Amino acid sequence: MSLTEIPHPAPGERDLGTSGGLRPFGVYVHVPFCRVRCGYCDFNTYTADELGEGATRASYADTAISEIVQAATRVGRRPVETVFFGGGTPTQLPSADLVRILRAIDDGFGLTDGVEVTTEANPDSVTPESLATLRAGGFNRISFGVQSAVPHVLATLERTHDPARVPQAVRWAREAGFEQVSVDLIYGTPGESMDDWRTSLEQAIALEPNHVSAYALIVEDGTAFARKVRRGEVVMPDDDETADKYLLADEMLSGAGLGWYELSNWARDEAAQCRHNVLYWRSDDWFGIGPGAHSHLAGQRWWNVKHPAAYAQRLAAGESPRHDGETIDADTAHVERIMLETRLRSGLGLDALSPAARRSADGVVARDLATLEGERLVLTRSGRLLADAVVRELVD
Ligand SMILES: C[S@@+](CC[C@H](N)C(=O)[O-])C[C@H]1O[C@@H](n2cnc3c(N)ncnc32)[C@H](O)[C@@H]1O
Ligand code: SF4
């Protein structure tokens, strides 16, 4: 693309190159494809049947690359510390396409020497060859969606992978040279007993991952799973059971040498933390590439058109794929800082609190929901179970 072809910023967009400051900068690449849709998931992702006309998997890399060229023109060269390919299922694309997209990010923005490059993957969407291509192309972290090791739980979630594939996929990733391997788990699926959850944790730990994410199942409106819940075909567990499962996860994972660093994330050591997610949680800067992707840069937040066809059409016409956005005012930034930092093991800086909120923090400490570590408020284990309530007390 020549300079004269640079798309004019859409209304509300402005030059982001000079005002981005020196905060850490990351790039998120959304890959909106899945082989099948899991009943509980409302991510912006499409199976081959759902995709319709106007966008194809085969053309996706070129479309995303054209957005990267546009983005780099607006932001200028800014060293990228983390890149995260999420989805959807990025590994539904050929590895060579993912590597091409990564190269375009390097060409446009520049990658730092120690850049963290993650891809999400389903255990049944990788091969030794695809993983070797990714590793050779610069990817160094992989996050497998495992969810559960128990067949009836996977069936309720409508996950299609065979749990026996998981150790194999992790072994292949290690053989390909991935040092950072993470597994994603879900707890609180209807019908999952405490023993089932223990089994999933044991099997996840046996994989010797450097990182584990464990999230409670969320019933998302509009999903097939939400309809089943509404019709009474499946019954969600009560809050006490979900809390007990969180505590079991924390006990077993910490017993295995994985310490919490965010409410739902555990890592073997600091180097194993997902630096890209930490960048989100610290409200640093990132550019989101792909349909529906969100960006957060220079005090603004914006998001792209959602459908891959609309996204491809905008870029083919040389236009910005931005759909809408907002300027983040001081009040919003303040509330977000409290919400996000409170969830971190490194804790919330007391400088974020007004005098009234500081008194609320003292109350939280008195009730053993948090401790003070120097000038930071850090949730205790019981405080982690009540994190949302603690945040409400601290936001005045
Ligand atoms: C984009 S997916 C990860 C990659 C891959 N598509 C997969 O599912 O393994 C990101 C994570 O979000 C989780 N997720 C999606 N919908 C969820 C929900 N309703 N409740 C909790 N976790 C959810 C998935 O299970 C997955 O681990
Ligand atoms: S959970 Fe992952 S594999 Fe399942 S539909 Fe969502 S993005 Fe696709």
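The buried residues of α3 are covered by elements that include β1, α2, β2, β3 (111–121) and α4 (128–136), where helices (H or I, at least four residues) and strands (E, at least two) are DSSP runs numbered from the N terminus. The structure is a predicted model, in which local features need pLDDT of at least 70 and side-chain atom pairs count only at pLDDT 80 or more, whereas totals for chains, interfaces and linings use all residues. Residues are numbered from 1 along each chain as its sequence is written, and chains are lettered from A and ligands numbered from 1 in the order in which they are written.

In α3 itself, the buried positions are S95, D97, L98, I101, L102, A104, I105 and G108, a residue being buried if 20 or more other C-beta atoms, placed from the backbone, lie within 10 Å of its own. With 14 residues, α3 reaches 20 Å from its first C-alpha to its last, close to the expected 20 Å, the expected span being 1.5 Å times one less than the number of residues. Just after this helix, G110 adopts a positive phi of about 95°.

Helix α2 (residues 57–75) comprises 19 residues and reaches 27 Å between its first and last C-alpha, close to the 27 Å expected. Its buried residues, among them Y60, I65, I68 and V75, pack against β1 (25–31), α3 (95–108), β9 (285–289) and α11 (308–316).

Ligand 1 is surrounded by 17 residues, of which C41, E120, G145, D184 and I218 are the closest, a residue being near a molecule if its C-beta atom, placed from the backbone, lies within 6 Å of it. At least two residues of this shell come from each of β2 (80–87), β4 (141–147) and β5 (180–187). By class, the shell around ligand 1 contains seven nonpolar, seven polar and three charged residues, with Ala, Val, Leu, Ile, Met, Phe, Trp, Tyr, Cys and Pro counted as nonpolar, Asp, Glu, Lys and Arg as charged, and the others, Gly among them, as polar. The surroundings of ligand 2 include C34, R37, C38, F43 and N122, as well as C41 and G145, and its shell has four nonpolar, six polar and one charged residues.

The domain assignment, whose bounds come from an automatic or database source, gives domain 1 (3–281) and domain 2 (329–396). Their C-alpha centres lie 28 Å apart. Eight residues of domain 1 are in contact with eight residues of domain 2, contact requiring C-beta atoms, placed from the backbone, within 7 Å. On the side of domain 1 that touches domain 2, α9 (239–255) and β7 (259–262) are the elements giving two or more residues, and the residues of that side divide into six nonpolar, no polar and two charged.

Methods:
Buried ≥ 20, exposed ≤ 12 C-beta atoms within 10 Å, placed from the backbone. Contact = placed C-beta atoms within 7 Å.
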